[in-house]
Amino acid sequence: MQDPLIHVEDGRIVSVTQQLTATANSSTILNLGDVTLLPGLIDIHQHLAFDASADPVTHLAEVDDATALRRMRAAALRALAGGVTTIRDLGDRNYVSLALRDRFRTGGEVGPEILAAGPPLTITGGHCWFLGGEADGEDGIREAVRAHASRGVDLIKIMVTGGNLTPSLGPHESQYTAAEIFAAVEAAHSANLKIAAHAHGGQGIVDAMSAGVDSIEHCTFFTADGVDADPAVIAELGRRHAVVSITAGAIPGAGPPHPAIAKRMTAIKANHEALYRAGARVVCGTDAGVGPTKPHDVLRYAVSDFLPSIGMSNAEALRANTSIAADVCGIGDRKGTIAPGRDVDMIAVPGNPLDDISCLQRILAVFVGGSQISFGS
Ligand SMILES: [Zn+2]
């Protein structure tokens, strides 16, 4: 829509029109000039507890929860300034992200919406065990999900396979059996929670899909020394319109990604493109925090650089991390679109991102709740 007038009241969008007369006399009119307004970006995979240094695991281990919380608050505000108005945090320590979430949600502080998983479920000594979410066997998993639910998490995260941050198990290796993953899904859904599954290896991806998880994180089809995706699995993920949270995004001028990823990048990208073409709902999760190339405001680079590179049009790339991501997170009734009844949750960028999506990298203003955060022009 050209020259829209968005009428907002108490943090909600009341109307979107082109007529100035639609506003009440008492309204304040803010003229943003020649910008494009977009829904705020939604990063469906971050770790606020990791500090985007070369050794985030040690840095977290060295500090107490109060210090971690202060750093996480700074990370969340950096994300917000970079246009990320909703952060799905897929793994913290001691549920600290919930405390931060509540400060922003009900504590009167301006910040992004946080959807927090708390400590991710993992086997004893498994991937990211140090975050405190160890759970073994079907009964142990059900109990852990119940404990997370009673702490007030927004979703469950389960480490179906190993990962690159923890040397104990290779990313291609499964941590949980199909039955254990199914137990986690059943327990999460009966607590009315979505469940996100970290899965690199092909068997883990198949087991997560079959168990009915709500998103598959990474979905890289790692083997011990490369990448090998079964075309039948890609086709089935597409047929189910499975949510695939691809890990992308690096700041401009960043060095190469993790060596294990770098050598597999071409193959991973080809599979992500195939997944998208097959019908999977492909959304970016940055994994922000896990390394120096991934500060918490990195999503705009993932959306503008990576998504078009796997065959998305500019419009499709923008939809992926706004309206589609909102649906993936179960907040589509509040976020992801600029429409009456939705939260005031918008960003302003120069130019038209449908013509040149790189303008997404320059966030001029962010509107969240009743507040505006501007960054010059
Ligand atoms: Zn992660």
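Trainee: How many salt bridges does this structure have, and what makes a pair count as one?

Mentor: The count comes to 20 salt bridges, and bear in mind that this is a predicted model. A pair counts when a side-chain nitrogen of Lys or Arg is within 4 Å of a carboxyl oxygen of Asp or Glu.

Trainee: Why is Glu-113 with Arg-334 called a salt bridge?

Mentor: The N to O distance between their side chains is 2.8 Å. The cut-off is 4 Å, so the pair qualifies. Side chains of opposite charge can pair when their charged atoms come close.

Trainee: What does that pair tie together?

Mentor: Glu-113 lies in strand β6 and Arg-334 in the loop between α11 and β12, so the bridge ties together parts that are 221 residues apart in sequence.

Trainee: Are Glu-113 and Arg-334 buried or partly exposed?

Mentor: One of each. Glu-113 has a relative accessible area of 14%, and buried means under 20%, so Glu-113 is buried. Arg-334 comes out at 25%, which falls between 20% and 50%, so Arg-334 is partly exposed.

Trainee: What about Glu-186 and Arg-142, what makes them a salt bridge?

Mentor: Their closest N and O atoms are 2.9 Å apart, and the limit is 4 Å, so they pass. This pair links distant parts of the chain, with Glu-186 in helix α5 and Arg-142 in helix α4, 44 residues apart. Glu-186 is partly exposed at 38%, and Arg-142 is partly exposed at 24%.

Trainee: How do you know that Lys-335 and Asp-343 are buried?

Mentor: Set the values against the 20% cut-off: Lys-335 is at 6%, so it is buried. Asp-343 is at 9%, so it is buried as well. Their side chains meet in a salt bridge of 2.9 Å, N to O.

Trainee: Which residues are linked in a network of salt bridges?

Mentor: Among them are Glu-113, Arg-334, Lys-335 and Asp-343, along with Arg-12, Arg-101 and Asp-345.

Trainee: On to cysteines. Why is the disulfide count 0?

Mentor: A disulfide needs two cysteine sulfur atoms within 2.5 Å, and the count by that rule is 0. Take Cys-128: the closest cysteine sulfur, in Cys-219, is 18 Å away, so that is too far for a bond. For Cys-284 the closest is in Cys-329, at 13 Å, so again too far for a bond. Cys-128 has 2% relative accessibility and counts as buried, and Cys-284 is buried at 0%.

Trainee: Which residues coordinate the zinc ion, and what makes them donors?

Mentor: His-45 (NE2), His-47 (NE2) and Asp-287 (OD) coordinate the zinc ion at 2.0 to 2.2 Å. Donor atoms must be within 2.8 Å of the zinc, so these qualify. Along the chain the donors follow the spacing H-x1-H-x239-D. His-47 is in the loop between β4 and α1 and Asp-287 in the loop between β11 and α10, so this pair ties together parts 240 residues apart in sequence. Both His-47 and Asp-287 are buried.

Trainee: How many residues are in the largest nonpolar core, and which have the most contacts inside it?

Mentor: The largest nonpolar core has 85 residues, and Ile-216, Phe-221, Leu-237 and Leu-307 have the most contacts inside it. Helix α2 gives the most to this core, with 7 residues. Nonpolar side chains tend to be buried together in soluble globular proteins.

Trainee: What does Leu-307 touch?

Mentor: Leaving out residues up to four places away in sequence, Leu-307 touches several residues, including Ile-246, Cys-284, Met-312 and Asn-321.

Technical notes. Residues numbered from 1 in each chain as written. Predicted model: local features only at pLDDT ≥ 70, side-chain atom pairs only at ≥ 80, totals over all residues. Heavy atoms only, no water. Core = buried A, V, L, I, M, F, W, Y, C linked by side-chain atoms within 4.5 Å. Buried < 20%, exposed > 50% of the residue type's maximum accessible area, 1.4 Å probe, protein only. Helix = DSSP H or I, 4+ residues; strand = E, 2+ residues; numbered from the N terminus. Contact = heavy atoms within 4.5 Å. Donors = N, O, S within 2.8 Å, 3.2 Å for Na, K, Ca; no water.
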